[in-house]
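Here are my notes on this model, point by point. Please read them with the structure open.

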Amino acid sequence: MTAYIEHPRLCAEAVEARAYQIEAVSDCLGAPTLLVLPTALGKTPIEWMVIAERLNTIGGRALMIAPTNALVNQHLRDLKLVIDKQESEDSITSISGSIDWKKRQKRWDAAEIIIATPQVIRNDVQRGSIDLKDVSVLVVDEAHHSKGRHAVAEVGDQYLQSAQNPLVLGATASPGSSQEQVEEVCKRLGLKRIHSRTAENPFLAPYAAGLQVKEVPVNVDEGLKLMAAPLILWMNGLVDQLRRLGYHVQTGRVTSSQLNDTRERIQRAIAKGEGLAYNAARQCAQSQRLLNLIGYLLSQGVSASREYLSRVKTSGEGGDKGSSAFFKDDRITSLYEMLQHSEELHEKVGKTVELVQEQIEINPESRVIVFAHFRDTVDEIVQRLDDCQRIKPERFVGQATREGSSGMTQKEQLSGLQRFRDGECNVLVATSVGEEGLDIPKADRVIFYEPIGSEIRTIQRRGRTGRHSDGNVYVLIARETRDEGARASAVYREQRMQKVIDSVRRNMGRPNKDDLAEHLTTFKVRDGAIVGSAYSFMQSEMKRLTPE
């Protein structure tokens, strides 16, 4: 029998009682906290309980910010089902940029819980139409964005400056792989502790769905190799000239990190007034464009390469002289024309279709998500899947409309996700807009069209499966291309991330006189007819789950 949390501000049987979540709630109520839990292991119920307790004991308002409108809508739907609304239905609301700021102000004034994207909150605070002084808890979902000039970090600054009784809960599965990244997230949100648990932790293990990650090597089509060959010769020639000038000092295969080092040397030479450095800077920029194009041809295919060159063309038309000169070169112009009339040659597209068909044949009720970096690739995959029996694909991309590719409005995004949930479509083909936070039930298989070098994005993408049952992740890797380096980089960064989290947490320490039981007095656990304290339930569960 399932045990449930009871609290004056939570609906009955809305939140399952789990010891590790109760422990996290106590930590998060005791001090501003960065909550790091694996995707699909229940950060959101912890956020609900912290909101409920702050409203019950402190009052004021609760503000939750999330990076996308789709995620805002999801949190709104969940909170309305979980939080006991003591006032009107409007006491839990969302505000978005599509709503006039005066109407947003009225919604804010009438609400007790507000969910929004950080850009909207930042802008309205700067305008003076809303005030954060009575916000008793700020929940920052996907808190790893709290860096630099990102709107999330700026909202953190605004909140800490104006709130009368502040508490911040930042939640993420992936705060970053460097100590500097994690420390900046904590600094910008005023976080005093880190609460982190891995899926291997014995208290989480019973709830962790099985997840298998499989790498799928794919051969590169000979036609794509032929297209890339003259570009490789061209790039190597430019890099050899940079070597002779002393700016490019590395040997072996040219990489982006090498070219970044070369660019820094050239910039230092320009600062010293070296005349040859200006032409070297142009050669280095052209080398980087060529390296990008070669990578797209060999690891992505025709669609992605065509989209990349379209962006270069647009940039050149917009006044970028380097992009204009690059695109006007006869070799690039001819390649662009060839790509315009070429069918997709990369075997990744066929392998993607094959993996989707395989999952649907195993279980016709399955849901599959395919991630691809480029919209043209998304469109190509959708077109191929449309021709397959029993497969109903759904395109899912961002809101911006670009040359040759229409975006999706917020309404279109939400309706597409709902069709996927309802089973009207069974394959979601998405760009990065589908990576973060979206709780898509029964995503039995996730396919990465390409590996992602970022450990944060890899964890977010992978977390779209295995949320409620066992799931599989397939990563397509084009042999002898930069795919192999990107995959190795992501694995290394992910392994390093936990060590960094532990290091920062040790440096932060724990606040003095920290008592777990003190923050849990309002929480009860109902297990059938028996109602007991949440703290006692947590202790007994931890004792039960501790390995002998």
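1. Contacts first. Among contacts in the chain with a separation of 6 or more, 75% come from residues 24 or more positions apart. Bear in mind that this is a predicted model.

2. Overall dimensions. The chain has 548 residues and a radius of gyration of 26 Å. A compact globule with that number of residues would have a value near 24 Å, so the two agree. Along the principal axes, the C-alpha atoms fill a box of roughly 75 × 60 × 55 Å.

3. Burial. Of the 548 residues in the chain, 55% count as buried. The cut-off here is under 20% relative accessible area.

4. Secondary structure. The chain comes to 19 helices and 16 strands.

5. Geometry of the pair. Helix α5 spans residues 118-127, and helix α6 spans residues 151-162. Their axes come within 8 Å. They cross at roughly 45 degrees. The crossing of α5 and α6 is left-handed.

6. Residues at the crossing. Which residues of α5 and α6 meet? On the α5 side they are Pro118, Gln119, Ile121, Arg122, Val125 and Gln126. On the α6 side they are Ala151, Val152, Glu154, Val155 and Gln158. By class, the residues of this contact divide into 6 nonpolar, 3 polar and 2 charged.

Technical notes:
Residues are numbered from 1 along each chain as its sequence is written. This is a predicted model: local features need pLDDT of at least 70, side-chain atom pairs count only at pLDDT 80 or more; totals for chains, interfaces and linings use all residues. Side-chain values use heavy atoms; hydrogens and water are left out. Axes are lines fitted to C-alpha atoms, for helices over the stretch in contact, and angles run from 0 to 180 degrees between N-to-C directions. Helices (H or I, at least four residues) and strands (E, at least two) are DSSP runs, numbered from the N terminus. A crossing is left-handed if the near helix is turned anticlockwise from the far one by less than a right angle, and right-handed if clockwise. Contact means heavy atoms within 4.5 Å. Ala, Val, Leu, Ile, Met, Phe, Trp, Tyr, Cys and Pro count as nonpolar, Asp, Glu, Lys and Arg as charged, and the others, Gly among them, as polar. The radius of gyration is taken over C-alpha atoms; the globule rule is 2.2 Å times the number of residues to the power 0.38. Buried means under 20% relative accessible area, exposed over 50%, partly exposed in between (1.4 Å probe, protein chains only).
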